[in-house]
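My entries follow in the order I made them.

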Amino acid sequence: MSIKEVHEHIDQNREKDLNTLIELVRIPSIASRGIGVEEACSYIVDMLEGLGVKTEVFPTKGAPVIFGHIETEIPGAKTVMFYGHYDVQPPEPLDKWLSDPFEPDIRDGRIYGRGVGDNKGQFLAHILALRSYLATGTPLPVNIKFFLEGEEENGSANILDFIIPHKDLLGCDLVYNADGGQEPDGRPSMHFGTRGTVKCTFEVKTAEKDNHSGHNGNNIPNAAWKMVRFLSTMMDDDGNCAIEGFYDDVLPPTDYEMGLIEALDFDPEGVQRVTGAVKPLTMSKEQFHMNRMFRPTFNLNGLGSGYTGSGYRTIVPGSAIAKMDFRLVKDQDPEDIIRKIKAHIAKYDPDVQLTVSSYLWPSRTNPEIPECQAVMRAVEKVYGIKPVIMPTTGATNPEYVFTKIAGLPSMCVPYCNADESQHAPNENFVLENFYKGIHCTAEVLSEIGKG
Ligand SMILES: [Zn+2]
């Protein structure tokens with residue numbers, strides 16, 4: 001028996017595989033509301049145990065973690081750990097759905113339902129690939145572990161409480177995750193990291209209330225000006241962050257990563273169209289991708305003070321607020337960045353009050369390791385086209401728990417269509433993408449097994 005039979009088996013069992021997805025999507029596992037989580041958990045555990053995967057359920061303060069492992073008989077084989085999440089976003093607004101979010105509907109070659117792509121259909125592809133290996137009696141090329149959490153849509157609030165005491169259990173050669181959508185033109189893609197983040201609020205207060213600008217102007221300090229002056233100390237004349245030491249730990253791309261950037265597309269008009277940017281983009285392709293992946297941001301995302309409605313209120317604003325998010329790149333440490341922000345406040349305006357609402361570490365895996373190279377080969381083989389390879393995404397998720405906390409390489413290969421409408425009404429998964437995903441996982445296992 002060989003990988004060829006595995007692929008044939010996947011083709012012959014489309015209906016059965018689709019029915020498994022339908023059954024799982026029917027369970028409305030919304031962790032943020034505490035519903036359906038136990039039921040989804042036991043459905044998955046039954047399925048894994050039915051395949052001979054040794055499965056354990058670990059309770060957390062929130063939804064339980066499902067951990068499973070199955071060993072190959074090949075001595076010295078590598079180990080792949082699949083990560084995914086079985087919780088889903090709430091379905092609202094319900095009136096925007098064309099079919100019941102928890103009664104999957106097949107229309108125009110797509111399956112519609114909450115969680116079909118994010119993330120039930122995508123992690124199920126891994127389990128179904130395993131099912132086809134076992135059903136055809138094909139020896140597993142690698143040892144397989146499953147790590148399925150139940151509150152990713154809730155910010156993976158308790159994931160560290162599980163990871164830290166179970167690092168030994170998680171040992172593997174690669175953490176592999178299918179989530180999100182492929183390129184809009186249908187090309188497969190992959191990435192090897194995410195940016196970290198610090199989200200914070202700055203507040204300035206000069207009076208308990210807004211005051212009359214005629215009677216009190218010049219005498220009562222203006223909170224809006226005070227905030228503007230403070231914010232201007234954070235940026236130099238070239239638009240760089242002026243917080244001392246902010247860029248100290250930013251690692252430049254390796255030559256290999258630079259090669260990956262050079263292989264990416266850049267369509268400035270397309271970006272302008274999608275973003276609605278008023279002026280054309282003038283940076284080079286390299287700079288555009290460097291800005292997205294290798295350079296941190298310090299983004300002012302909200303600013304408020306005084307009165308901006310119609311007409312005028314001639315007031316001296318007594319308070320001002322600014323909100324910012326910092327996207328961090330490897331090897332920046334959010335706790336160190338918070339210390340540097342505090343030092344900046346102490347130096348330039350100690351009256352500014354800082355509140356940090358949340359922070360996460362960045363994550364990056366070396367794409368040159370043999371396991372990542374094997375995935376690149378597998379994806380190209382299955383899709384028949386070179387994947388779009390991004391060293392990292394510009395976005396943020398808790399991937400650092402694997403790379404930084406557990407010390408494991410981790411990568412993501414999205415299986416969904418780009419227009420999957422995750423988190424929105426009419427979430428969908430193109431059926432061909434779903435089946436291709438199962439083939440892809442099967443091939444990934446085979447290629448990593450080759451060494
Ligand atoms: Zn999601």
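Entry on terms. I count a salt bridge where a side-chain nitrogen of Lys or Arg lies within 4 Å of a carboxyl oxygen of Asp or Glu. I keep in mind that the model is a predicted one.

Entry on the first pair. I looked up Asp105 and found that it forms a salt bridge with Arg107, with 2.7 Å between the closest N and O atoms. Asp105 has a relative accessible area of 27%, so I noted it as partly exposed, the class between under 20% and over 50%.

Entry on the count. How many salt bridges does a search of the whole structure find? I got 26. As background, I noted that side chains of opposite charge can pair when their charged atoms come close.

Entry on Asp419. Its side chain meets that of Arg110 in a salt bridge, at 3.1 Å from N to O. I then checked where the two residues sit: Asp419 is in the loop between strand E18 (410–412) and strand E19 (428–430), while Arg110 is in strand E5 (residues 110–112). The pair links distant parts of the chain, 309 residues apart. Asp419 is partly exposed, at 42% relative accessibility.

Entry on Glu427. I found a salt bridge between the side chains of Glu427 and Arg114, at 2.6 Å from N to O. Glu427 lies in the loop between E18 and E19, and Arg114 in the loop between E5 and helix H4 (116–135), so this pair ties together parts that are 313 residues apart in sequence. Are these two residues buried or exposed? Glu427 is buried, at 1% relative accessibility, and Arg114 is buried too, at 0%.

Entry on a network. I listed Arg377, Lys381, Glu443, Glu447 and Lys450 as linked in a network of salt bridges.

Entry on the sheet. I traced an open sheet of four strands with antiparallel pairing, in the order E12-E14-E10-E15. Its edge strands are E12 (297–305) and E15 (353–360), each pairing on one side only. From one strand to the next, the twist averages 15°. Strand E10 (residues 196–205) pairs with E15 in the antiparallel sense over seven bridges. There I found Lys199 opposite Ser358 in E15.

Entry on the helices. Which strands does helix H8 touch? Helix H8 (residues 223–232) packs on the sheet and touches E10, E12 and strand E14 (319–328), its direction making about 20° with that of E14. Helix H12 (residues 334–348) also packs on the sheet, touching E10, E14 and E15. The direction of H12 makes about 165° with that of E15.

Technical notes:
Residues are numbered from 1 along each chain as its sequence is written. This is a predicted model: local features need pLDDT of at least 70, side-chain atom pairs count only at pLDDT 80 or more; totals for chains, interfaces and linings use all residues. Side-chain values use heavy atoms; hydrogens and water are left out. Two strands pair if DSSP finds at least two bridges between them. Axes are lines fitted to C-alpha atoms, for helices over the stretch in contact, and angles run from 0 to 180 degrees between N-to-C directions. Contact means heavy atoms within 4.5 Å. Buried means under 20% relative accessible area, exposed over 50%, partly exposed in between (1.4 Å probe, protein chains only).
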